[in-house]
Amino acid sequence: MLQHDILGVVERQVRTWSADDAEVYAAATGGYSPAFAIPLLQHGGPQLGLTGADMTQVLHAEQSLWLHKPLPRHGSAVVTKTVTDIYDKGSGALVVSTWESEFAKTRSSCFLKGEGGFGGERGENRTFAVPGTEPEVSFFSTKTDQALRYCETGDVNPMHHDEEFAKRAGFPRPILHGLCTLGITVRGKNFTELHARFTAPVLPGDELRIEHWPTGEFRTSTREKQVIIGWVRFSEVDGR
């Protein structure tokens, strides 16, 4: 059972990276983007630190990124992580964590099935939508080893490489990291802010249909379903 005393806990660590790390990320996602800052700050995966939770019941729900200044090709930074909110969604709990450094801030929301009903605040429900105009469309065929490639960025969640674990979670086999699908979706784009909701899992080997609008909205789908929806902001770094 999730331990709610993780709320407000602050952890600090020094993260160091090199140009090789950026190349590993680009190889795993089909190209580089500022979204590289997400696994850099959230090293190990967004699910780390959910003390007491049944990890087979944890789903990555939403992800945000704000860039404070350009990320150098190599360097180091002090990263501060805080569990900022635990919301009661009825059927589950939504745990929101933030990671902050001088270069960027990330926020990750994880949904924990079966952990709701504790009487807490429900929290806001953000809406994501896309314009009614025609988007720019591209396709990306994921490889059967795509999840293993992304694991090399440091994400240790067994949901993406352990077949028995994935089956206990209700999947036929390991699923692709939501952050890998997100990286594929925004590869080659230059932005200073990103917000995304993960709406369905992707299996390695699936073909992705990626839609982008000039106003920043994006959506990615497989043949069967939408898997990500979100938006980026194309503007100067503003330090927010």
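Mentor: A disulfide is a pair of cysteine sulfur atoms within 2.5 Å. Keep in mind that this is a predicted model, and that by this rule the count comes to zero disulfides. Cys 110, for instance, is in no disulfide, since the nearest cysteine sulfur, that of Cys 151, is 16 Å away.

Trainee: Is Cys 110 buried or exposed?

Mentor: The word "buried" is used for a relative accessible area under 20%. Cys 110, with a relative accessible area of 2%, is buried, and Cys 151, at 19%, is buried as well. Asp 5, in the segment before strand S1 (10-17), counts as exposed, because its relative accessibility is 59% and exposed means over 50%.

Trainee: How many residues of helix H5 are buried?

Mentor: A general point about helices comes first: an α-helix has 3.6 residues a turn, so residues three or four places apart point the same way. In helix H5 (residues 178-185), seven of the eight residues are buried, so the helix is largely enclosed by the rest of the structure. Among these buried residues are Leu 179, Cys 180 and Ile 184.

Trainee: Which strands pair with strand S7?

Mentor: Strands are said to pair if at least two bridges are found between them. Strand S2 (residues 58-67) runs antiparallel to S7 and is joined to it by five bridges, with Leu 65 having Leu 194 in S7 as its bridge partner. S7 also pairs with strand S10 (residues 226-233), again in the antiparallel sense, over six bridges, and there Ala 196 stands opposite Gly 230 in S10. Strand S7 (residues 193-198) is itself mostly covered, five of its six residues being buried.

Trainee: What is the volume of the largest pocket, and which element gives the most to its lining?

Mentor: Rolling a probe the size of a water molecule over the atoms shows where empty space is left. The largest pocket has a volume of about 770 Å³, and the elements that give two or more residues to its lining include H5, S7 and S10. S2 gives the most, with five residues. The lining has 38 residues in total, and those nearest the centre of the pocket include Leu 59, His 60 and Ser 109. By class, this lining has 20 nonpolar, 10 polar and eight charged residues.

How values were computed
Residues numbered from 1 in each chain as written. Predicted model: local features only at pLDDT ≥ 70, side-chain atom pairs only at ≥ 80, totals over all residues. Heavy atoms only, no water. Buried < 20%, exposed > 50% of the residue type's maximum accessible area, 1.4 Å probe, protein only. Helix = DSSP H or I, 4+ residues; strand = E, 2+ residues; numbered from the N terminus. 1 Å grid on protein atoms, 1.4 Å probe; cavity = no way out; pocket = protein on both sides within 12 Å on 5 of 7 lines; lining within 4 Å. Points joined across faces, edges and corners; volume = space filled by probe spheres on them. Nonpolar A, V, L, I, M, F, W, Y, C, P; charged D, E, K, R; others polar.
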